[in-house]
Amino acid sequence: SLHAEAENIDRGVAFVGVRKDIDDIRIHLEGPIEILGTVVLSDGSPAPPKTVINVILSSTDGLRNGSGNTDKTGSLRIEDVDPGRHRVMAIARSPGYYVASVMVGDVDAIRQPALLNDSSPPLRIILKAGGRLSGNVDKGEGAKLLLVPQTLSPGDVAAVYPSGAGGNFELTGVPPGD
């Protein structure tokens with residue numbers, strides 16, 4: 001049997017792998033953590049003012065997920081996250097840009113899970129300028145356009161855009177690809 005105790009935390013997480021009989025095992029529970037991050041352009045320069053990024057942390061360990069938005073300075077702070085392995089989904093809400101990667105150290109947490117704990121470096125959300133797509137939906141005023149990557153990979157995001165007067169639309173920040 002296992003027994004774990006935690007001091008000064010309401011809940012805790014510990015991953016334990018046991019391959020043989022062990023007596024008097026001690027398990028250190030990690031309490032919820034705070035995830036910090038920043039947004040930069042792919043050339044390393046600061047993101048444009050008032051850039052908003054929606055960030056969703058998805059635990060691959062079956063733990064509590066987290067989410068948050070960057071503030072008007074491009075800083076991210078997500079509280080009450082269970083430590084463990086997480087994928088990150090990030091969506092740029094600023095015209096003209098898309099999220100190219102979310103780095104946790106050397107790991108792109110969009111493409112593969114990254115370990116998030118008290119000693120993890122801050123998330124570095126990297127934006128790239130996207131393409132522009134415009135056109136007209138015949139008799140489609142108010143129609144919704146769904147833009148989906150032809151081949152879906154982890155981190156790919158589908159987007160819904162409304163058409164305007166006369167069915168005209170203009171999409172900006174479109175990632176390259178089919």
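This is a predicted model: local features need pLDDT of at least 70, side-chain atom pairs count only at pLDDT 80 or more; totals for chains, interfaces and linings use all residues.
Residues are numbered from 1 along each chain as its sequence is written, and side-chain values use heavy atoms, with hydrogens and water left out. Local features need pLDDT of at least 70 and side-chain atom pairs count only at pLDDT 80 or more, whereas totals for chains, interfaces and linings use all residues.

The whole structure contains 3 salt bridges, each defined by a side-chain nitrogen of Lys or Arg within 4 Å of a carboxyl oxygen of Asp or Glu. Glu-34, Arg-77 and Glu-79 are linked in a network. Arg-77 pairs with Glu-34 at a closest N and O separation of 2.6 Å; Arg-77 lies in strand E4 (residues 75-81) and Glu-34 in strand E1 (residues 33-41), 43 residues apart. Strands are DSSP runs of at least two residues, numbered from the N terminus. Arg-77 also meets Glu-79 at 2.8 Å, N to O. Arg-77 is exposed, with 51% relative accessibility, while Glu-34 is partly exposed at 38% (buried, under 20%; exposed, over 50%; partly exposed, in between; 1.4 Å probe, protein chains only).

Arg-132 forms a salt bridge with Glu-170, with closest N and O atoms 2.8 Å apart. Arg-132 belongs to strand E10 (residues 131-136) and Glu-170 to strand E13 (residues 168-174), so the pair ties together parts 38 residues apart in sequence.

An open antiparallel sheet comprises 4 strands in the order E3-E2-E5-E8, pairing being assigned where DSSP finds at least two bridges between two strands. Strands E3 (66-69) and E8 (114-116) stand at the edges, each with a single partner strand, so one side of each is left without a neighbour in the sheet. Strand E5 (residues 84-92) is joined to E8 by 3 bridges, and His-86 has Ala-114 in E8 as its bridge partner.
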